[in-house]
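User: Hi, I'm new to this one and would like a walk through it. Could you take me through a few local features?

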Amino acid sequence: MTLSIDCLWIAGVFSDNKLSMHPQKYFIKTFGCQMNEADSERMSVILAEQSMTPVAEPEDADIIIINGCSVREKAVHKAVSALGKYNVIKKKSEGNGPIIGVGGCVGQLDRENLFKRAPYLDFVFGTDTIDNLPEIIHRVRSGERKVIYAEFDKSMDYSTETKVDPGKSQAFVNIMKGCDKYCTYCIVPFTRGREKSRKIDEVLEDIVKLVSRGVKEITLLGQNVNSFGKGNENTAKRLPLELNNPIGKVGPKEGEENFAQLLRAIDSDVRLANLKRIRFTSSHPLDFSDELIDCYAEANKGGVAKLAKHLHLPVQSGSNAVLQKMGRHHQIESYIDQMSRLRSLCPDIGLSTDMIVGFPTETEDDFQESLKLLDLLQFDNVYAFAYSPRPGTRASKLKDDVSLKEKTERLNRLLDHQLAIAQKRYAARVGDKMEILVEGLAKNQYMLDKGDRDAKGLSSGLIKTTTKRVWTGRTTCNRIVNFATESPRNLMGQFVTAEITLATGLALQGEWLADRVIEGQNQ
Ligand code: SAM
Ligand code: SF4
Ligand code: F3S
(Lines give C-alpha, C1' and ligand atoms only; values in the text may rest on other atoms or scores of the structure.)
(Ligands and ions follow the chains in the order given, each with its own letter.)
Protein backbone atom coordinates (compact mmCIF):
# COMPACT_ATOMS: atom_id res chain seq x y z
CA MET A 1 0.00 0.00 0.00
CA THR A 2 1.33 3.48 -0.82
CA LEU A 3 0.51 6.31 1.51
CA SER A 4 0.48 9.96 0.50
CA ILE A 5 2.93 12.26 2.31
CA ASP A 6 -0.02 13.89 4.07
CA CYS A 7 -1.31 10.55 5.25
CA LEU A 8 2.15 9.45 6.41
CA TRP A 9 2.39 12.68 8.35
CA ILE A 10 -0.90 12.16 10.06
CA ALA A 11 -0.01 8.55 10.74
CA GLY A 12 2.87 9.97 12.76
CA VAL A 13 5.77 8.76 10.65
CA PHE A 14 7.31 12.22 10.84
CA SER A 15 5.72 13.16 14.16
CA ASP A 16 7.55 15.69 16.34
CA ASN A 17 9.76 16.43 13.32
CA LYS A 18 11.58 13.20 13.98
CA LEU A 19 11.45 10.00 12.04
CA SER A 20 9.41 7.90 14.40
CA MET A 21 8.44 4.63 12.75
CA HIS A 22 5.43 3.72 14.83
CA PRO A 23 1.93 4.56 13.70
CA GLN A 24 -0.02 6.94 15.94
CA LYS A 25 -2.05 5.30 18.67
CA TYR A 26 -5.11 6.96 20.19
CA PHE A 27 -7.16 6.62 23.33
CA ILE A 28 -10.63 8.14 23.70
CA LYS A 29 -12.32 8.57 27.08
CA THR A 30 -16.06 9.15 26.80
CA PHE A 31 -18.42 10.72 29.32
CA GLY A 32 -22.12 11.45 28.91
CA CYS A 33 -25.05 10.22 26.88
CA GLN A 34 -25.46 7.98 23.85
CA MET A 35 -24.89 10.98 21.63
CA ASN A 36 -21.37 11.35 23.01
CA GLU A 37 -20.88 7.58 22.73
CA ALA A 38 -21.86 7.73 19.06
CA ASP A 39 -19.56 10.74 18.56
CA SER A 40 -16.64 8.85 20.12
CA GLU A 41 -17.24 5.94 17.77
CA ARG A 42 -17.22 8.41 14.88
CA MET A 43 -13.92 9.91 16.11
CA SER A 44 -12.44 6.45 16.38
CA VAL A 45 -13.45 5.49 12.84
CA ILE A 46 -12.14 8.81 11.45
CA LEU A 47 -8.77 8.31 13.16
CA ALA A 48 -8.60 4.66 12.04
CA GLU A 49 -9.18 5.88 8.47
CA GLN A 50 -5.96 7.87 8.94
CA SER A 51 -4.06 4.65 9.73
CA MET A 52 -4.10 5.32 13.47
CA THR A 53 -4.83 2.53 15.92
CA PRO A 54 -6.90 2.51 19.11
CA VAL A 55 -5.34 1.43 22.41
CA ALA A 56 -7.03 0.31 25.61
CA GLU A 57 -4.80 2.24 28.03
CA PRO A 58 -3.97 5.96 27.96
CA GLU A 59 -0.34 5.14 28.91
CA ASP A 60 0.09 3.50 25.46
CA ALA A 61 -1.36 6.40 23.46
CA ASP A 62 0.22 9.16 21.34
CA ILE A 63 -3.09 11.03 21.26
CA ILE A 64 -5.51 11.20 24.19
CA ILE A 65 -8.99 12.59 23.64
CA ILE A 66 -11.54 13.33 26.34
CA ASN A 67 -15.09 13.47 24.98
CA GLY A 68 -16.70 15.35 27.85
CA CYS A 69 -20.24 15.91 29.12
CA SER A 70 -21.50 19.15 30.73
CA VAL A 71 -25.01 18.13 31.72
CA ARG A 72 -24.31 18.22 35.46
CA GLU A 73 -21.43 19.71 37.45
CA LYS A 74 -20.29 16.23 38.49
CA ALA A 75 -19.91 15.21 34.84
CA VAL A 76 -17.65 18.22 34.18
CA HIS A 77 -15.57 17.33 37.25
CA LYS A 78 -15.07 13.84 35.87
CA ALA A 79 -13.66 15.23 32.62
CA VAL A 80 -11.41 17.68 34.47
CA SER A 81 -10.06 15.01 36.78
CA ALA A 82 -9.38 12.70 33.80
CA LEU A 83 -7.47 15.58 32.22
CA GLY A 84 -5.27 15.87 35.32
CA LYS A 85 -4.60 12.13 35.26
CA TYR A 86 -3.56 12.21 31.61
CA ASN A 87 -1.29 15.18 32.23
CA VAL A 88 0.64 13.03 34.71
CA ILE A 89 1.30 10.58 31.83
CA LYS A 90 2.38 13.47 29.60
CA LYS A 91 4.74 14.89 32.25
CA LYS A 92 6.35 11.51 32.92
CA SER A 93 7.23 11.15 29.24
CA GLU A 94 9.51 14.22 29.31
CA GLY A 95 8.64 15.82 25.98
CA ASN A 96 7.81 12.61 24.13
CA GLY A 97 4.41 12.20 25.72
CA PRO A 98 0.97 12.15 24.19
CA ILE A 99 -0.87 15.16 22.87
CA ILE A 100 -4.11 15.76 24.76
CA GLY A 101 -7.41 17.17 23.49
CA VAL A 102 -10.86 17.85 24.92
CA GLY A 103 -13.99 17.59 22.78
CA GLY A 104 -17.72 16.96 23.09
CA CYS A 105 -20.07 19.17 25.07
CA VAL A 106 -17.25 20.29 27.40
CA GLY A 107 -15.07 21.39 24.48
CA GLN A 108 -18.02 23.18 22.86
CA LEU A 109 -19.00 25.05 26.00
CA ASP A 110 -15.71 25.88 27.70
CA ARG A 111 -13.61 26.43 24.55
CA GLU A 112 -10.49 28.59 25.19
CA ASN A 113 -11.16 28.65 28.95
CA LEU A 114 -9.99 25.05 28.98
CA PHE A 115 -6.49 26.22 28.00
CA LYS A 116 -6.47 28.57 31.00
CA ARG A 117 -7.56 25.75 33.26
CA ALA A 118 -5.11 23.25 31.75
CA PRO A 119 -2.22 25.04 30.01
CA TYR A 120 -0.76 21.67 28.96
CA LEU A 121 -3.83 20.95 26.82
CA ASP A 122 -2.99 20.74 23.09
CA PHE A 123 -6.38 21.05 21.41
CA VAL A 124 -10.06 21.68 21.96
CA PHE A 125 -12.89 20.85 19.62
CA GLY A 126 -16.67 20.95 19.75
CA THR A 127 -19.71 18.90 18.86
CA ASP A 128 -19.88 20.17 15.27
CA THR A 129 -16.17 19.80 14.44
CA ILE A 130 -15.52 16.10 14.98
CA ASP A 131 -14.80 15.57 11.28
CA ASN A 132 -11.96 18.11 11.55
CA LEU A 133 -10.00 15.87 13.96
CA PRO A 134 -7.30 14.77 11.45
CA GLU A 135 -6.67 18.42 10.54
CA ILE A 136 -6.55 19.45 14.21
CA ILE A 137 -4.05 16.71 15.04
CA HIS A 138 -1.99 17.60 11.97
CA ARG A 139 -1.78 21.22 13.14
CA VAL A 140 -0.73 20.23 16.66
CA ARG A 141 1.89 17.88 15.24
CA SER A 142 3.15 20.74 13.03
CA GLY A 143 4.03 22.61 16.19
CA GLU A 144 0.95 24.81 16.68
CA ARG A 145 -0.11 25.21 20.28
CA LYS A 146 -3.60 25.46 21.72
CA VAL A 147 -5.48 24.58 18.54
CA ILE A 148 -9.22 25.22 18.82
CA TYR A 149 -12.11 24.21 16.53
CA ALA A 150 -15.30 24.88 18.47
CA GLU A 151 -17.54 26.90 16.16
CA PHE A 152 -21.08 25.70 15.53
CA ASP A 153 -21.94 24.85 11.95
CA LYS A 154 -24.32 27.75 11.23
CA SER A 155 -25.97 26.28 8.11
CA MET A 156 -29.51 24.99 8.56
CA ASP A 157 -28.85 21.81 6.53
CA TYR A 158 -27.67 18.70 8.28
CA SER A 159 -26.13 16.00 6.19
CA THR A 160 -23.76 13.30 7.34
CA GLU A 161 -22.85 9.65 6.92
CA THR A 162 -22.86 7.34 9.92
CA LYS A 163 -19.49 5.92 10.82
CA VAL A 164 -19.45 2.81 12.99
CA ASP A 165 -16.90 0.14 13.79
CA PRO A 166 -17.04 -2.68 11.24
CA GLY A 167 -18.61 -5.99 12.24
CA LYS A 168 -21.18 -4.54 14.61
CA SER A 169 -24.79 -5.64 14.67
CA GLN A 170 -26.01 -2.45 16.33
CA ALA A 171 -25.51 1.14 15.26
CA PHE A 172 -26.43 4.61 16.47
CA VAL A 173 -27.72 6.78 13.64
CA ASN A 174 -27.84 10.54 14.23
CA ILE A 175 -30.98 11.81 12.54
CA MET A 176 -30.99 15.30 13.98
CA LYS A 177 -28.88 17.49 16.16
CA GLY A 178 -29.35 20.31 18.60
CA CYS A 179 -32.33 21.20 20.74
CA ASP A 180 -34.74 24.14 20.60
CA LYS A 181 -36.65 23.28 23.76
CA TYR A 182 -34.52 25.24 26.24
CA CYS A 183 -35.83 23.50 29.36
CA THR A 184 -34.83 25.94 32.08
CA TYR A 185 -32.31 23.61 33.78
CA CYS A 186 -30.58 22.24 30.68
CA ILE A 187 -27.23 23.07 29.13
CA VAL A 188 -27.70 20.91 26.02
CA PRO A 189 -29.10 23.64 23.70
CA PHE A 190 -25.85 25.55 24.43
CA THR A 191 -23.59 22.56 23.75
CA ARG A 192 -25.40 21.12 20.73
CA GLY A 193 -26.83 24.25 19.10
CA ARG A 194 -30.09 24.74 17.23
CA GLU A 195 -32.25 21.84 16.08
CA LYS A 196 -31.74 20.61 12.51
CA SER A 197 -32.71 17.35 10.84
CA ARG A 198 -31.33 15.16 8.10
CA LYS A 199 -33.60 14.36 5.16
CA ILE A 200 -35.48 11.04 5.21
CA ASP A 201 -34.01 9.86 1.90
CA GLU A 202 -30.48 10.48 3.13
CA VAL A 203 -31.13 8.60 6.40
CA LEU A 204 -32.52 5.64 4.42
CA GLU A 205 -29.45 5.48 2.16
CA ASP A 206 -27.26 5.59 5.25
CA ILE A 207 -29.11 2.72 6.95
CA VAL A 208 -29.05 0.64 3.75
CA LYS A 209 -25.21 0.84 3.86
CA LEU A 210 -25.12 -0.09 7.55
CA VAL A 211 -27.40 -3.08 7.03
CA SER A 212 -25.33 -4.27 4.08
CA ARG A 213 -22.40 -4.39 6.55
CA GLY A 214 -24.32 -6.58 9.02
CA VAL A 215 -26.17 -4.10 11.24
CA LYS A 216 -29.43 -5.58 12.56
CA GLU A 217 -30.56 -3.01 15.09
CA ILE A 218 -30.39 0.77 14.82
CA THR A 219 -30.98 3.45 17.42
CA LEU A 220 -32.10 6.73 15.89
CA LEU A 221 -30.45 9.49 17.86
CA GLY A 222 -31.31 13.08 18.64
CA GLN A 223 -32.02 15.19 21.72
CA ASN A 224 -35.66 15.24 20.78
CA VAL A 225 -36.18 12.90 17.83
CA ASN A 226 -39.90 13.43 17.68
CA SER A 227 -39.45 16.97 16.42
CA PHE A 228 -37.40 15.43 13.59
CA GLY A 229 -38.15 16.89 10.15
CA LYS A 230 -38.87 20.48 11.17
CA GLY A 231 -38.03 22.67 8.19
CA ASN A 232 -37.58 19.79 5.68
CA GLU A 233 -40.10 19.85 2.85
CA ASN A 234 -42.01 16.56 2.46
CA THR A 235 -41.35 16.36 -1.27
CA ALA A 236 -42.11 12.59 -1.38
CA LYS A 237 -45.59 13.30 0.12
CA ARG A 238 -45.05 10.66 2.79
CA LEU A 239 -47.76 10.05 5.38
CA PRO A 240 -48.71 11.23 7.93
CA LEU A 241 -48.73 14.68 6.36
CA GLU A 242 -49.32 16.37 9.67
CA LEU A 243 -48.90 15.34 13.28
CA ASN A 244 -51.73 15.62 15.72
CA ASN A 245 -50.21 16.67 18.95
CA PRO A 246 -52.90 17.13 21.57
CA ILE A 247 -50.56 19.09 23.84
CA GLY A 248 -49.35 21.82 21.56
CA LYS A 249 -48.40 22.54 17.98
CA VAL A 250 -44.63 22.45 17.98
CA GLY A 251 -42.21 20.51 15.80
CA PRO A 252 -42.77 19.86 12.10
CA LYS A 253 -45.80 21.33 10.37
CA GLU A 254 -48.03 20.13 7.55
CA GLY A 255 -45.98 19.69 4.39
CA GLU A 256 -42.78 18.96 6.35
CA GLU A 257 -41.11 15.63 7.06
CA ASN A 258 -41.77 14.11 10.48
CA PHE A 259 -40.59 11.29 12.71
CA ALA A 260 -43.58 8.97 12.18
CA GLN A 261 -42.89 9.15 8.42
CA LEU A 262 -39.25 8.26 9.02
CA LEU A 263 -40.16 5.19 11.12
CA ARG A 264 -42.62 3.99 8.48
CA ALA A 265 -40.16 4.63 5.65
CA ILE A 266 -37.46 2.54 7.37
CA ASP A 267 -39.93 -0.21 8.23
CA SER A 268 -41.24 -0.57 4.69
CA ASP A 269 -37.98 -0.13 2.74
CA VAL A 270 -37.45 -3.41 0.83
CA ARG A 271 -33.68 -2.86 0.91
CA LEU A 272 -33.81 -3.15 4.71
CA ALA A 273 -35.16 -6.69 5.05
CA ASN A 274 -32.19 -7.64 7.26
CA LEU A 275 -32.82 -4.80 9.69
CA LYS A 276 -34.70 -6.30 12.63
CA ARG A 277 -35.18 -3.59 15.22
CA ILE A 278 -35.54 0.17 15.34
CA ARG A 279 -35.01 2.03 18.60
CA PHE A 280 -34.84 5.76 19.23
CA THR A 281 -33.81 8.19 21.93
CA SER A 282 -34.61 10.72 23.29
CA SER A 283 -38.07 12.22 23.12
CA HIS A 284 -40.03 15.07 24.64
CA PRO A 285 -43.68 14.67 25.70
CA LEU A 286 -44.59 17.92 23.95
CA ASP A 287 -43.89 16.50 20.50
CA PHE A 288 -45.11 13.00 21.26
CA SER A 289 -47.93 12.91 18.73
CA ASP A 290 -50.89 10.56 18.26
CA GLU A 291 -49.34 9.40 14.97
CA LEU A 292 -46.17 8.38 16.80
CA ILE A 293 -48.17 6.50 19.43
CA ASP A 294 -50.00 4.69 16.57
CA CYS A 295 -46.63 3.32 15.38
CA TYR A 296 -46.64 1.09 18.50
CA ALA A 297 -49.80 -0.78 17.42
CA GLU A 298 -49.55 -4.39 16.22
CA ALA A 299 -48.23 -4.52 12.65
CA ASN A 300 -51.56 -5.89 11.39
CA LYS A 301 -53.31 -2.93 12.98
CA GLY A 302 -51.20 -0.29 11.29
CA GLY A 303 -48.17 -0.33 13.59
CA VAL A 304 -44.48 -0.27 12.65
CA ALA A 305 -43.40 -3.93 12.78
CA LYS A 306 -39.71 -3.33 13.44
CA LEU A 307 -40.20 -0.70 16.14
CA ALA A 308 -38.86 -2.08 19.44
CA LYS A 309 -41.48 -2.33 22.17
CA HIS A 310 -39.71 0.21 24.31
CA LEU A 311 -40.03 3.91 24.90
CA HIS A 312 -37.83 6.27 26.86
CA LEU A 313 -39.92 9.38 27.44
CA PRO A 314 -38.38 11.72 30.03
CA VAL A 315 -40.93 13.25 32.38
CA GLN A 316 -38.55 14.98 34.86
CA SER A 317 -41.13 15.50 37.65
CA GLY A 318 -44.56 14.36 38.78
CA SER A 319 -45.52 17.85 39.94
CA ASN A 320 -47.15 20.33 37.58
CA ALA A 321 -45.77 23.24 39.61
CA VAL A 322 -42.21 21.96 39.11
CA LEU A 323 -42.78 21.06 35.45
CA GLN A 324 -43.89 24.61 34.81
CA LYS A 325 -40.74 26.05 36.42
CA MET A 326 -38.68 23.59 34.38
CA GLY A 327 -40.20 25.06 31.21
CA ARG A 328 -41.39 21.64 30.03
CA HIS A 329 -44.68 23.05 28.64
CA HIS A 330 -46.67 19.91 29.41
CA GLN A 331 -48.75 18.83 32.34
CA ILE A 332 -48.53 15.55 34.15
CA GLU A 333 -52.10 14.60 33.12
CA SER A 334 -51.22 14.72 29.41
CA TYR A 335 -48.11 12.59 30.02
CA ILE A 336 -50.25 9.99 31.82
CA ASP A 337 -52.73 10.05 28.91
CA GLN A 338 -49.92 9.40 26.41
CA MET A 339 -48.64 6.47 28.46
CA SER A 340 -52.14 4.99 28.85
CA ARG A 341 -52.76 5.16 25.09
CA LEU A 342 -49.42 3.48 24.47
CA ARG A 343 -50.11 0.68 26.94
CA SER A 344 -53.53 0.06 25.44
CA LEU A 345 -51.97 -0.32 21.97
CA CYS A 346 -48.93 -2.26 23.18
CA PRO A 347 -49.51 -3.84 26.61
CA ASP A 348 -46.00 -5.33 26.78
CA ILE A 349 -44.17 -2.10 26.12
CA GLY A 350 -41.15 -1.42 28.36
CA LEU A 351 -41.21 2.19 29.58
CA SER A 352 -38.39 4.23 31.00
CA THR A 353 -37.98 7.87 31.97
CA ASP A 354 -35.70 10.55 33.42
CA MET A 355 -36.42 12.35 36.69
CA ILE A 356 -34.77 15.29 38.38
CA VAL A 357 -35.07 15.71 42.15
CA GLY A 358 -34.35 18.86 44.15
CA PHE A 359 -35.20 21.37 41.42
CA PRO A 360 -35.49 24.89 42.95
CA THR A 361 -38.69 25.26 45.05
CA GLU A 362 -39.41 21.48 44.95
CA THR A 363 -41.25 20.70 48.20
CA GLU A 364 -41.71 17.34 49.90
CA ASP A 365 -45.26 17.34 48.45
CA ASP A 366 -43.91 17.91 44.92
CA PHE A 367 -41.47 15.07 45.46
CA GLN A 368 -44.30 12.82 46.65
CA GLU A 369 -46.06 13.56 43.34
CA SER A 370 -43.00 12.11 41.55
CA LEU A 371 -43.14 8.95 43.67
CA LYS A 372 -46.87 8.64 42.97
CA LEU A 373 -46.20 8.87 39.26
CA LEU A 374 -43.75 5.96 39.50
CA ASP A 375 -46.41 3.90 41.28
CA LEU A 376 -48.98 4.76 38.65
CA LEU A 377 -46.92 4.24 35.52
CA GLN A 378 -44.77 1.28 36.60
CA PHE A 379 -41.65 2.09 34.60
CA ASP A 380 -39.06 -0.63 34.00
CA ASN A 381 -36.27 1.84 34.47
CA VAL A 382 -35.86 5.37 35.82
CA TYR A 383 -32.73 7.47 35.37
CA ALA A 384 -32.82 9.88 38.29
CA PHE A 385 -30.57 12.87 38.91
CA ALA A 386 -30.10 15.47 41.63
CA TYR A 387 -30.60 18.95 40.17
CA SER A 388 -27.33 20.65 39.33
CA PRO A 389 -27.41 24.36 38.36
CA ARG A 390 -25.80 24.94 34.96
CA PRO A 391 -24.23 28.28 34.09
CA GLY A 392 -26.24 30.43 31.68
CA THR A 393 -29.50 28.47 32.02
CA ARG A 394 -32.68 30.18 33.22
CA ALA A 395 -32.96 27.90 36.25
CA SER A 396 -29.48 28.90 37.40
CA LYS A 397 -30.95 32.32 38.21
CA LEU A 398 -33.39 30.71 40.66
CA LYS A 399 -32.29 30.17 44.25
CA ASP A 400 -30.94 26.61 44.54
CA ASP A 401 -32.99 26.20 47.70
CA VAL A 402 -33.09 22.43 48.18
CA SER A 403 -30.00 21.54 50.23
CA LEU A 404 -27.51 19.01 48.91
CA LYS A 405 -28.40 16.73 51.83
CA GLU A 406 -32.10 16.89 50.93
CA LYS A 407 -31.38 16.33 47.21
CA THR A 408 -29.29 13.27 48.02
CA GLU A 409 -31.94 11.90 50.36
CA ARG A 410 -34.71 12.40 47.79
CA LEU A 411 -32.58 10.80 45.10
CA ASN A 412 -31.95 7.71 47.23
CA ARG A 413 -35.60 7.47 48.25
CA LEU A 414 -36.71 7.71 44.63
CA LEU A 415 -34.19 5.10 43.48
CA ASP A 416 -35.23 2.70 46.28
CA HIS A 417 -38.88 3.24 45.43
CA GLN A 418 -38.28 2.51 41.76
CA LEU A 419 -36.07 -0.51 42.49
CA ALA A 420 -38.96 -2.17 44.35
CA ILE A 421 -41.26 -1.51 41.38
CA ALA A 422 -38.75 -2.79 38.82
CA GLN A 423 -37.96 -5.90 40.84
CA LYS A 424 -41.63 -6.87 40.90
CA ARG A 425 -41.98 -6.23 37.18
CA TYR A 426 -38.85 -8.23 36.40
CA ALA A 427 -39.86 -11.11 38.68
CA ALA A 428 -43.16 -11.38 36.77
CA ARG A 429 -41.13 -12.30 33.69
CA VAL A 430 -39.74 -15.53 35.14
CA GLY A 431 -40.90 -18.43 32.95
CA ASP A 432 -41.33 -16.25 29.83
CA LYS A 433 -39.51 -17.11 26.64
CA MET A 434 -37.86 -14.00 25.27
CA GLU A 435 -36.05 -13.15 22.10
CA ILE A 436 -32.70 -11.47 22.66
CA LEU A 437 -30.28 -9.75 20.36
CA VAL A 438 -26.92 -10.88 21.75
CA GLU A 439 -24.58 -7.92 22.37
CA GLY A 440 -21.55 -9.88 23.53
CA LEU A 441 -20.06 -11.84 26.39
CA ALA A 442 -21.28 -10.65 29.79
CA LYS A 443 -18.83 -8.63 31.87
CA ASN A 444 -19.35 -10.95 34.82
CA GLN A 445 -18.83 -14.53 33.74
CA TYR A 446 -21.10 -16.02 36.36
CA MET A 447 -24.79 -16.69 36.83
CA LEU A 448 -26.74 -16.09 40.03
CA ASP A 449 -28.72 -18.84 41.59
CA LYS A 450 -31.12 -19.04 44.52
CA GLY A 451 -29.14 -20.32 47.50
CA ASP A 452 -30.16 -23.15 49.81
CA ARG A 453 -33.50 -22.84 51.54
CA ASP A 454 -33.82 -23.24 55.27
CA ALA A 455 -36.60 -25.09 57.12
CA LYS A 456 -38.91 -22.07 56.70
CA GLY A 457 -38.25 -22.09 52.97
CA LEU A 458 -36.25 -18.86 53.12
CA SER A 459 -33.45 -18.50 50.62
CA SER A 460 -29.95 -17.88 51.91
CA GLY A 461 -29.57 -15.38 49.08
CA LEU A 462 -28.14 -15.39 45.62
CA ILE A 463 -25.03 -17.40 44.92
CA LYS A 464 -22.67 -17.33 41.96
CA THR A 465 -22.47 -20.41 39.77
CA THR A 466 -21.51 -21.67 36.31
CA THR A 467 -18.50 -22.66 34.37
CA LYS A 468 -20.28 -22.00 31.09
CA ARG A 469 -19.87 -18.94 28.89
CA VAL A 470 -22.27 -16.15 29.83
CA TRP A 471 -23.67 -13.94 27.09
CA THR A 472 -25.67 -10.75 27.41
CA GLY A 473 -28.26 -9.08 25.22
CA ARG A 474 -31.51 -7.15 25.15
CA THR A 475 -35.13 -7.97 24.50
CA THR A 476 -37.32 -5.80 22.29
CA CYS A 477 -38.59 -4.18 25.54
CA ASN A 478 -34.98 -3.19 26.33
CA ARG A 479 -34.59 -5.61 29.20
CA ILE A 480 -31.08 -6.93 29.74
CA VAL A 481 -30.88 -10.74 29.79
CA ASN A 482 -27.79 -12.76 30.72
CA PHE A 483 -27.73 -16.41 29.78
CA ALA A 484 -25.18 -19.18 30.02
CA THR A 485 -24.38 -21.82 27.45
CA GLU A 486 -21.88 -24.58 26.86
CA SER A 487 -22.06 -23.91 23.15
CA PRO A 488 -18.72 -22.79 21.68
CA ARG A 489 -20.55 -20.85 18.95
CA ASN A 490 -20.08 -17.12 18.68
CA LEU A 491 -23.55 -15.78 19.39
CA MET A 492 -22.66 -12.10 19.05
CA GLY A 493 -25.20 -10.31 16.83
CA GLN A 494 -27.57 -13.30 16.79
CA PHE A 495 -31.20 -13.29 17.80
CA VAL A 496 -31.66 -16.14 20.27
CA THR A 497 -34.49 -17.27 22.52
CA ALA A 498 -33.96 -17.79 26.23
CA GLU A 499 -36.30 -18.91 28.96
CA ILE A 500 -36.18 -16.54 31.93
CA THR A 501 -35.24 -18.34 35.12
CA LEU A 502 -34.38 -15.57 37.57
CA ALA A 503 -34.85 -11.82 38.03
CA THR A 504 -31.82 -10.17 39.61
CA GLY A 505 -32.08 -6.51 40.51
CA LEU A 506 -32.41 -4.79 37.18
CA ALA A 507 -31.56 -7.65 34.86
CA LEU A 508 -32.95 -11.02 33.92
CA GLN A 509 -31.23 -14.33 33.74
CA GLY A 510 -32.19 -17.10 31.42
CA GLU A 511 -31.36 -20.40 29.87
CA TRP A 512 -30.61 -20.46 26.21
CA LEU A 513 -33.08 -22.65 24.39
CA ALA A 514 -30.28 -24.50 22.62
CA ASP A 515 -30.03 -24.29 18.87
CA ARG A 516 -33.07 -22.13 18.60
CA VAL A 517 -31.19 -19.35 16.90
CA ILE A 518 -33.90 -17.39 15.19
CA GLU A 519 -32.59 -15.60 12.14
CA GLY A 520 -34.79 -13.18 10.26
CA GLN A 521 -37.46 -12.91 12.93
CA ASN A 522 -38.28 -9.84 14.92
CA GLN A 523 -40.40 -10.99 17.81
N1 SAM B 1 -33.14 15.43 25.38
C2 SAM B 1 -33.39 14.54 26.41
C3 SAM B 1 -34.62 14.99 27.16
O4 SAM B 1 -35.26 15.92 26.79
O5 SAM B 1 -34.97 14.40 28.14
C6 SAM B 1 -32.18 14.29 27.29
C7 SAM B 1 -31.60 15.45 27.96
S8 SAM B 1 -30.24 15.25 29.03
C9 SAM B 1 -28.98 14.81 27.99
C10 SAM B 1 -30.56 13.78 29.93
C11 SAM B 1 -31.19 14.03 31.27
O12 SAM B 1 -30.33 14.73 32.14
C13 SAM B 1 -32.45 14.88 31.25
O14 SAM B 1 -33.56 14.19 30.82
C15 SAM B 1 -32.55 15.32 32.69
O16 SAM B 1 -33.24 14.37 33.47
C17 SAM B 1 -31.09 15.35 33.15
N18 SAM B 1 -30.61 16.72 33.34
C19 SAM B 1 -30.47 17.67 32.40
N20 SAM B 1 -30.03 18.82 32.97
C21 SAM B 1 -29.88 18.57 34.29
C22 SAM B 1 -29.47 19.36 35.41
N23 SAM B 1 -29.14 20.63 35.27
N24 SAM B 1 -29.43 18.77 36.61
C25 SAM B 1 -29.78 17.47 36.77
N26 SAM B 1 -30.18 16.68 35.76
C27 SAM B 1 -30.24 17.23 34.54
FE1 SF4 C 1 -32.39 19.51 27.48
FE2 SF4 C 1 -35.00 19.85 27.41
FE3 SF4 C 1 -33.60 19.79 25.14
FE4 SF4 C 1 -33.90 17.57 26.54
S5 SF4 C 1 -35.52 18.75 25.55
S6 SF4 C 1 -32.01 18.32 25.64
S7 SF4 C 1 -33.89 18.30 28.65
S8 SF4 C 1 -33.46 21.35 26.72
FE1 F3S D 1 -23.85 15.36 28.24
FE2 F3S D 1 -23.79 16.54 25.96
FE3 F3S D 1 -25.07 14.28 26.20
S4 F3S D 1 -24.03 17.55 27.88
S5 F3S D 1 -25.73 14.29 28.32
S6 F3S D 1 -22.91 14.54 26.44
S7 F3S D 1 -25.62 15.98 24.90
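Predicted model: local features only at pLDDT ≥ 70, side-chain atom pairs only at ≥ 80, totals over all residues.

User: Okay, surface first: which residues gather in a patch of positive charge?
Analyst: The patch of positive charge on the surface brings together Lys-29, Lys-74, Lys-78 and Lys-85.

User: And which helix gives the largest share of that patch?
Analyst: That is helix α3, which spans residues 73-92 and contributes three residues to the positive patch. Lys-74 lies in this helix, α3.

User: Is Lys-74 buried or exposed?
Analyst: Lys-74 has a relative accessibility of 67%, and therefore it counts as exposed, the cut-off for that word being over 50%.

User: Switching to strands, what does β15 pair with?
Analyst: Strand β15, residues 433-441, pairs in the antiparallel sense with strand β20, residues 495-504, over five bridges. There is also an antiparallel pairing between β15 and strand β18, residues 469-474, and this one runs over four bridges.

User: Which residues stand opposite each other there?
Analyst: On the β20 side, Lys-433 stands opposite Glu-499, while in β18 the residue Thr-472 is the bridge partner of Gly-440.

User: Now the backbone. Where is there a cis peptide bond?
Analyst: One cis bond joins Leu-239 and Pro-240, with omega at about -5°, and Pro-240 sits in the loop between β10 (217-221) and α9 (259-268). Another cis bond runs from Thr-281 to Ser-282, where omega is near 0°, and Ser-282 has its place in the loop between β11 (277-281) and α10 (290-294).

User: Then which residues other than glycine have a positive phi?
Analyst: Among them is Lys-237, with phi near 55°, found in the loop between β10 and α9. His-329 is another, its phi being about 60°, and that residue is found in the loop between α11 (320-326) and α12 (332-345).

User: Are Lys-237 and His-329 buried or exposed?
Analyst: Lys-237 is exposed, because its relative accessible area is 60%, and His-329, at 57% relative accessibility, counts as exposed as well.

User: Back to that β10 to α9 loop, what should I look for there?
Analyst: In the loop between β10 and α9 you can look for Lys-237, with its positive phi, and for Pro-240, which is joined to Leu-239 by a cis peptide bond.

Definitions and conventions. Residues numbered from 1 in each chain as written. Chains lettered and ligands numbered in written order. Heavy atoms only, no water. Patch = residues over 30% accessible without salt bridge, like charges linked within 9 Å, V, L, I, M, F, W, Y side chains within 5 Å. Areas by Shrake-Rupley, 256 points an atom, 1.4 Å probe, with all protein chains shown as cover. Salt bridge = Lys/Arg side-chain N within 4 Å of Asp/Glu carboxyl O. Lys, Arg positive; Asp, Glu negative; His and termini not counted. Charge placed at Lys NZ, Arg CZ, Asp CG, Glu CD. Helix = DSSP H or I, 4+ residues; strand = E, 2+ residues; numbered from the N terminus. Buried < 20%, exposed > 50% of the residue type's maximum accessible area, 1.4 Å probe, protein only. Pairing = 2+ DSSP bridges.
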